[in-house]
Amino acid sequence: MYLLYTHNDLDGVGCGIVARCAFGHKVEIRYNSVGGLNVQVERFLEKGKKKNYLFITDLSVHEANERGIQAFVQSGGKIKLIDHHKTSLHYNKYPWAIVQVEYENGKLASATSLFYEYLMQNGLLKPSNGLAEFVELVRQYDTWEWEKNGQQKAKRLNDLFYLVSHEEFEEKMVKRLQQSEHFAFDAFEEKILDLEEEKIERYVRRKKREIIQAPVQEHFVGIVHAESYHSELGNELGKENPHLDYIVILNMGGKKISFRTIHDHVDVSEIAGQFGGGGHVKAAGASMTDDAYRLYVAEPFPMEPIRADAYQNTFNLKNSAYGSLYENRKEQNVFLFSSGDSWVVDVDGEELDEPFPTFEEAERYVKRHYAAWLARDQTYVAYLMENMADRRKQAGGTASTSGFGFIDGSQHPPALHFPAL
Ligand SMILES: [Mn+2]
């Protein structure tokens, strides 16, 4: 008898589907959360049945189980752990583990693709075109390669996965892969997936209005509470807020945390590791420990959500030669303008000492330290007029009155001509 203990996401259940194609009813499959696996493995080791063959895929075990597996295998037990998480790489010192994050051609591995290849190489699975296509879709989804490849089908496969139970998905896919040469959705699924896509978009849009930003340890972090669509949210919120080091998605009911980043300077698997979790460099997860609760839930709780940049502006644009105005919940006016080769930040009339070499760096600073967003045109125009009037007063009315100009000799841009004003 074969046993498969695997993860309960698409990649984990992908392993279940591959196993079913290889072993039919001769495999017992259990889908586990990250936290649920250790108990299963403990029970398996306690029973100590040497005739069963256990595969563990897409998940890792704690240290006691690691030692237990090693002892069990040394005494003749049969266990294989196949994973692609960076935080599992140290298992490679054991003969019972195959952990690979990346292929030689630079593509990222998934548990499903590694398990599929393992079974093929060991003569346990016959090659099939449809199954190969399915495995590749799972791999692209799990590694997020689908996005840069424009492989919408991989994304839709994951959407479909969350619309039905794991068992139903497994059964549906196995039947389909055994019957046809190519992997495809049927017309009804296509229709449902269109609806689901719209639903996800609405959900993500709503969550964009709930995100708060907080300094946590040495990082600036975006925090949002959500039960579903963590990958989509992590990606969207990360891209919309590049000034944040990483995004944290809290599932209070499940007591779980997801960590996502779009940046190379942060490794979220290390951050998840502080709370006993793990994963990949750009996507990781952990259980909600007391520490995590304090840092990500309790302390930031009184904070208000950050607002998105005004997006329909004609005048107040980023990187503008006339300067760009930001505002925040403290009603501070933060004005970014270029002066010579650098960008200066003015907060309520006081210029910061250090200029920035680029607009992007100035904006990143302003967004991190002032939680500010790009103001709307209306606010911008009012700010410029007031600012000008103040300066005129200071200068005793000697300023040029032709058009909307800053006073000559100031560091501000010299002229601003908006016919619409
Ligand atoms: Mn995976």
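**Close-up 1. Tyr 141 and its neighbours.** Leaving out residues up to four places away in sequence, Tyr 141 touches Leu 10, Trp 146, Ala 154, Lys 155, Leu 157 and Asn 158; a contact here means C-beta atoms, placed from the backbone, within 7 Å. This is a predicted model, so to speak: local features need pLDDT of at least 70, side-chain atom pairs count only at pLDDT 80 or more, and totals for chains, interfaces and linings use all residues. Residues are numbered from 1 along each chain as its sequence is written.

Close-up 2. Buried means 20 or more other C-beta atoms within 10 Å of a residue's own, with C-beta atoms placed from the backbone.

**Close-up 3. Helix 1 against helix 8.** The axes of helix 1 and helix 8 (residues 166–179) come within 9 Å and cross at roughly 45°; they are lines fitted to C-alpha atoms over the stretch in contact, with angles from 0 to 180 degrees between N-to-C directions. The crossing is right-handed, with the near helix turned clockwise from the far one by less than a right angle. On the helix 1 side, Val 13, Gly 16, Ile 17, Arg 20 and Cys 21 meet His 166, Phe 169, Glu 170, Met 173, Val 174 and Leu 177 of helix 8.

**Close-up 4. Strand 13 and its two partners.** Strand 13 (residues 333–339) has six of its seven residues buried, so the rest of the structure largely encloses it. Helices (H or I, at least four residues) and strands (E, at least two) are DSSP runs numbered from the N terminus, and strands pair if DSSP finds at least two bridges between them. Strand 12 (residues 324–327) pairs antiparallel with strand 13 over four bridges, with Ser 324 opposite Leu 336. Strand 14 (residues 342–347) is also antiparallel to strand 13, through six bridges, and there Asp 346 is the bridge partner of Phe 335.

**Close-up 5. The two hairpin turns.** Five residues lie between strand 12 and strand 13, and Glu 331 takes a positive phi near 60° in that hairpin. Between strand 13 and strand 14 there are two residues, and Gly 340 has a positive phi near 65°.

Notes. A residue is buried if 20 or more other C-beta atoms lie within 10 Å of its own, exposed if 12 or fewer, and partly exposed in between; C-beta atoms are placed from the backbone. Two residues are in contact if their C-beta atoms, placed from the backbone, lie within 7 Å.
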